[in-house]
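Subject: Handover of a structure and notes on its contents

Dear colleague,

Please find the structure for your review below. My notes follow directly after it.

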Amino acid sequence: MNNRLKFKALYDGELHEVYKLSLSDNQVTIGLKRFPFIQDVIPEALLQWTGRKDVNGIDVYEGDYNKDGDCVVWCNECNGWQFGGYDVENNEVYQNCHRCDGDFDFQEGMEDFEYYGNIFLEACR
């Protein structure tokens, strides 16, 4: 099995790679650029990797969006990753799932998806 679970944690206004995840106490171990270099924290948000990369080879995580406002969301009806509509100026997802609305499927949209930002980071600004 080549797929693995990867997460990023929003902590102190930045996204950090997650090295360890403890579901029982909602803590993650993140890497830091300064001493002590790793730290256990309770994240403001935990973002899951979709298993896909954008056109530039960047890992795509929950909440990532492109310049057109197509935002990666988990759809409970489709039971999978899909795109929703994202309004950058107001920092809100205004359309939960393009596939449920009959527009396009996540796999189709990933063919030309280019990372532009993440809604969780936008909320910190």
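The notes below take up the strands, the aromatic rings and the cysteines in turn.

This is a predicted model, in which local features need pLDDT of at least 70 and side-chain atom pairs count only at pLDDT 80 or more, while totals for chains, interfaces and linings use all residues. Residues are numbered from 1 along each chain as its sequence is written, and side-chain values use heavy atoms, with hydrogens and water left out.

Strands and hairpins

Helices (H or I, at least four residues) and strands (E, at least two) are DSSP runs, numbered from the N terminus. Two strands are taken to pair if DSSP finds at least two bridges between them. "Buried" stands for under 20% relative accessible area, "exposed" for over 50%, and "partly exposed" for values in between, with a 1.4 Å probe and protein chains only.

Strand β9 (residues 80-87) deserves attention. Seven of its eight residues are buried, so β9 is largely enclosed by the rest of the structure. On one side of the pairing scheme, six bridges join β9 to strand β8 (residues 70-75), and the two run antiparallel. Within this pairing, V73 has Q82 of β9 as its bridge partner. The hairpin of β8 and β9 has four residues between the strands, and N79 takes a positive phi near 55° there.

Strand β9 is also joined to strand β10 (residues 92-95), by three bridges and again in antiparallel fashion. Here D87 stands opposite E92 in β10. The hairpin of β9 and β10 has four residues between the strands, and N91 in the turn shows a positive phi of about 50°.

A further antiparallel pairing links strand β3 (residues 27-31) with strand β4 (residues 38-41) through four bridges. V28 stands opposite V41 in β4. Six residues lie between these two strands in their hairpin, where F37 takes a positive phi near 75°.

Aromatic rings

A pair of aromatic rings is described by the distance of the centres and the angle of the planes. Rings of Phe, Tyr and Trp (its six-membered ring) pair if their centres lie within 6.5 Å; planes under 30 degrees apart count as stacked, over 60 as edge-to-face and the rest as tilted.

The structure holds five aromatic pairs. One of them is the tilted pair of Y65 and Y86, at 4.7 Å centre to centre with 40° between the planes. This pair links distant parts of the chain, with Y65 in strand β7 (residues 64-65) and Y86 in β9, 21 residues apart. Both Y65 and Y86 are buried.

Another tilted pair is formed by F83 and F113, at 5.3 Å centre to centre and 35° between the planes. F83 lies in β9 and F113 in the loop between α1 (106-110) and β11 (117-118), 30 residues apart. F83 is buried, with a relative accessible area of 2%, and F113 is buried at 0%. Ring pairs also link Y65, Y86 and Y116 into a cluster.

Cysteines

A disulfide is a pair of cysteine sulfur atoms within 2.5 Å, and the structure holds zero disulfides. C71 is in none, the nearest cysteine sulfur, that of C97, being 12 Å away. C71 counts as buried, at 0% relative accessibility. C100 is partly exposed, with a relative accessible area of 37%.

With kind regards
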